[in-house]
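Here's a quick briefing to read with the model open beside you.

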Amino acid sequence: MRSKVPARAILVCLFFTFRAAGADVPGAMYRLDIPAQDLNAALQQLALASRHNLFYRSELVAGRVSPALKGEFTTDEALDALLNGTDFTYDITPLATVLIRDKDSSLIASAAANAPLRVAAVVGAEERAKTDPPATQGEPAPLEEVLVTAQKREERLQDVPIAIAVLGGNAFDKSSDRGIVEAVGRVPGVFSAVSGNGSRQGGGNPMIVIRGVSAPATGTSTTGYYLDNVPYSRNTLSIVPDINPYDLDRVEVLRGPQGTLYGATALNGVVRVLTKNPDLQDFEFKTRGSLQSTERGSESYSGDTAFNMPLIQDKLAARLVLGYQDLGGWIDKPNLASGPKKDANDTEKKTGRIKLAAKPTDDFWVGLSGWFQRSEGGSLPTSSDGGRTNVSRLDEYNTFDFDIYNLDLGYDTRLFSIKSATSYVDLTLDNSFDFTSQVPGNAIIGTADSSIFTEEVVLNSLGQGPWRWTLGAMYRDGQDNVSQLRSLSTVPDITHTQSKSIAVYGELTRVFAEGRYELTGGLRYFRDKLHDWEDSRSDTPNGIPTGGLQSTESTFKKTTPRVVFTWHPEEGSTLYASYSQGFRSGINQRFAVVAADPNVPAAQPDTLTNYEIGAKENLLGGQLALELALYYIDWKDPQLNRTIYIGNPLGPSVIYDSGDSISGAGFDLSIAYSPIDSLKLGLNGGWNDLTFDTDVYSLTNVRGVGVLNILVSRKGTRPVSSPQTTVGAFVDYSVPLGGNGYRGRLSASANHVSEQISAIDSSGRVNRSEGVPYKGDSMMITRASFTVDAPKHWSAMLFVDNIGNDQGLMRDSFSSQYNTVIRPRTYGVQLEYRY
């Protein structure tokens, strides 16, 4: 119910509002399509469609659900419908600002006491264009407000005391990005690395490194990777699938340890790829296609399509996404035994995703999804002459296929919500590598398949009050099977690794002073039973060594805490200080090591402790957004490869070792500025001083006492795939084209990454000075595009990637034949249609 606006309300509104949304026009009608959902989300949509700023206390709407709203409504009619059944009242000022309050309390009094208010405000130009005519060129515009679920509950990005970057799904649809990893690598403090060529499982595939914390030589990933609610992590490998970025809701990049809520592999961050859910009300169809040409290479083309179909109005819907990419190569192989091959590093990728969503009641929902990929590639992008040729005589190949199935259940009670996520991942990698330059006539053919079952249950508190809590439990059963055959041997290495782990965790938050201060504490307990066994070993005539095939079992346990103090001095401002830990599970020793000396211990879980202070600020009426995080990392017992003598008659053995330490300080900074509605500017950067705290030696005996010690990494050396600096900048400018509703948009970006160590030879056998590693080059990648948006349905884009044609090495290897290079300058056109 609308009430009369007192003068002091208008004054408070002018003090707290961060932009003038325009004048309130009584009786103005707005076309709305707001599904039944969380009341806070519904108010956000109303603010967007009606160009009003809505102010209310966050605890006022917590846990409330709004009805669906579809049709044409005045602002009063829409508010009356959304707030029906509550005891809220609202005021609308002449400046198009809405103040929502409880009948029994005063929002105005809270505002006068400087209590933080929830703001549902008009967002950025791209989203406004869906509901409103284009804004005038000189109009100031606030930056888009984003909702995230990084802490297992929906919150404003601005309010979350974690360094988070969010990449929007609509931006992905309109970009030339061929995969998620490429885009994530442009986030400050994040580097898209490449795993070692010839790795037993998936060499040459992408890894994600956050704040310089990488998997130095072995072990699982240091970055958690989620596809919706499905945790993707293998037992002994750090690579991730490079997902087709079409029809995503968003990608959340959490920097810093997330061991409490996300567990093992979230050593120093998490990447969450969140797809769009089925719409229970409206049909949707969209499609896009692109054609690209790479200098000195073949053409590439791709196509994507997405359908949304309500099957039972407001109750059941399905969403189907299909994608195809044919990425042309640019590296020739003139020396193949079968004859020369041009552009041998091509890739063909087919993807499909289907999601079903059901909402039998307002409190209960079900989600079922399947995600499928078939990726078949030629040789890796490796070259000894800067990306022109590869001297290999073998016609190499590299495939990466997966099937992912997920069942989500959710139920809201009066006091808490309960969610269950059940998933199964079936993954297969096949590859071949030519190692002729290392051992004449030697090639490796490998197959690795993984099956991973995961069940997670999460309970979240609902409703008002000074306490918030989260409780969760997780079970994981994953098995990796690896077969690797060398061309100089007739017997393959066949090994298996099974991990069965459980975890329980919880976080508790106490809110003080009407939301201005928050204190959060969390804890996770983790236990992992790891079993490794072998079926065949290649250094034997019949696959069975003299001492028999080996089998090892270990149990690893870890408890990780998190403590955060958060201060919201005013709306649009968040300051925080945090102490958190991340971890990875342990690793059993290689079978040859166990056979030579069963007393060599398994590599224990490593632990990364992070001390961080951060600030998030919205300034100049919301037109300027600043985010700064200062941190210090103390990484204990990082899992490394070390070559030692342990009595093996075949010579030294490579063991998995832990016991050293890596530490350093750093910062992440991002600035986004929108001086007018049609112009957006951004600058970001990350820097860290992460280095080994002591000298690291190889070729010692098991106790580290001198037997031909070889210095591998000097004190002060950075870990592998760990750049010190990342810097990025972007500009986006849109203008009207004529008077028929057409708009043009010019976008450009530049990203720099400093050089990084790409490999360390743990044996010292390579003719190279002690402690001098192989390094990848520093790189500067620039991109630009021009897009024409039609008034309805169509858009067309011309783009250029790698404008400067940077041909630096992503990875410098022990033989120049295996140096990894990036794609040369690429031109393209992309067309998109939406209905």
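A patch here means residues with over 30% relative accessible area and no salt bridge, with like charges joined within 9 Å and nonpolar side chains (Val, Leu, Ile, Met, Phe, Trp, Tyr) within 5 Å. By that rule, Lys500, Arg527, Lys529 and Lys557 make up a positive surface patch. Bear in mind that this is a predicted model: local features need pLDDT of at least 70, side-chain atom pairs count only at pLDDT 80 or more, and totals for chains, interfaces and linings use all residues. Residues are numbered from 1 along each chain as its sequence is written, and side-chain values use heavy atoms, with hydrogens and water left out.

**The positive patch**
- Lys and Arg count as positive and Asp and Glu as negative, while His and the chain ends are not counted.
- A charge is placed at NZ of Lys, CZ of Arg, CG of Asp or CD of Glu.
- Areas come from the Shrake-Rupley method with a 1.4 Å probe, and for residues only the protein chains shown count as cover.
- Lysine 500, one of the patch members, sits in strand S27 (residues 493-512); strands (E, at least two residues) and helices (H or I, at least four) are DSSP runs numbered from the N terminus.
- With a relative accessible area of 40%, lysine 500 is partly exposed, a class between buried (under 20%) and exposed (over 50%), using a 1.4 Å probe and protein chains only.

**Strand pairing**
- Strands S31 (residues 606-619) and S32 (residues 624-636) pair antiparallel over 13 bridges; to count as paired, two strands need at least two DSSP bridges between them.
- Leucine 619 is opposite leucine 624 of S32, and the hairpin has 4 residues between its strands, with leucine 620 at a positive phi near 55 degrees.
- S32 also pairs antiparallel with strand S35 (residues 661-676), over 13 bridges, and there lysine 636 faces serine 661.
- Elsewhere, an open sheet of 5 strands runs in the order S11-S16-S17-S14-S15 with mixed pairing; its edge strands, S11 (163-168) and S15 (230-231), each pair on one side only.
- Within that sheet, S16 (residues 248-255) and S17 (residues 269-275) run antiparallel with 7 bridges, and valine 251 has valine 273 of S17 as its bridge partner.

**Salt bridges**
- The whole structure holds 40 salt bridges, each being a side-chain nitrogen of Lys or Arg within 4 Å of a carboxyl oxygen of Asp or Glu.
- Aspartate 177 and arginine 783 form one at 3.1 Å, N to O. Aspartate 177 is in the loop between helices H7 (169-173) and H8 (180-184) and arginine 783 is in strand S45 (residues 779-789), so the pair ties together parts 606 residues apart in sequence.
- Both aspartate 177 and arginine 783 are buried.
- Arginine 250 and glutamate 252 meet at 2.7 Å, N to O, and both are buried.
- Lysine 341 and aspartate 395 pair at 3.4 Å, N to O; lysine 341 is partly exposed at 32%, and aspartate 395 is partly exposed at 41%.
- A salt-bridge network links Asp173, Lys174, Asp247, Glu284, Lys286, Arg319, Arg353, Glu832 and Arg834.

**Positive phi in loops**
- Glutamate 514 has a positive phi near 55 degrees, lies in the loop between S27 and S28 (517-536), and is partly exposed at 43%.
- Asparagine 802 has a positive phi near 55 degrees, lies in the loop between S46 (794-801) and S47 (809-811), and is buried at 4%.
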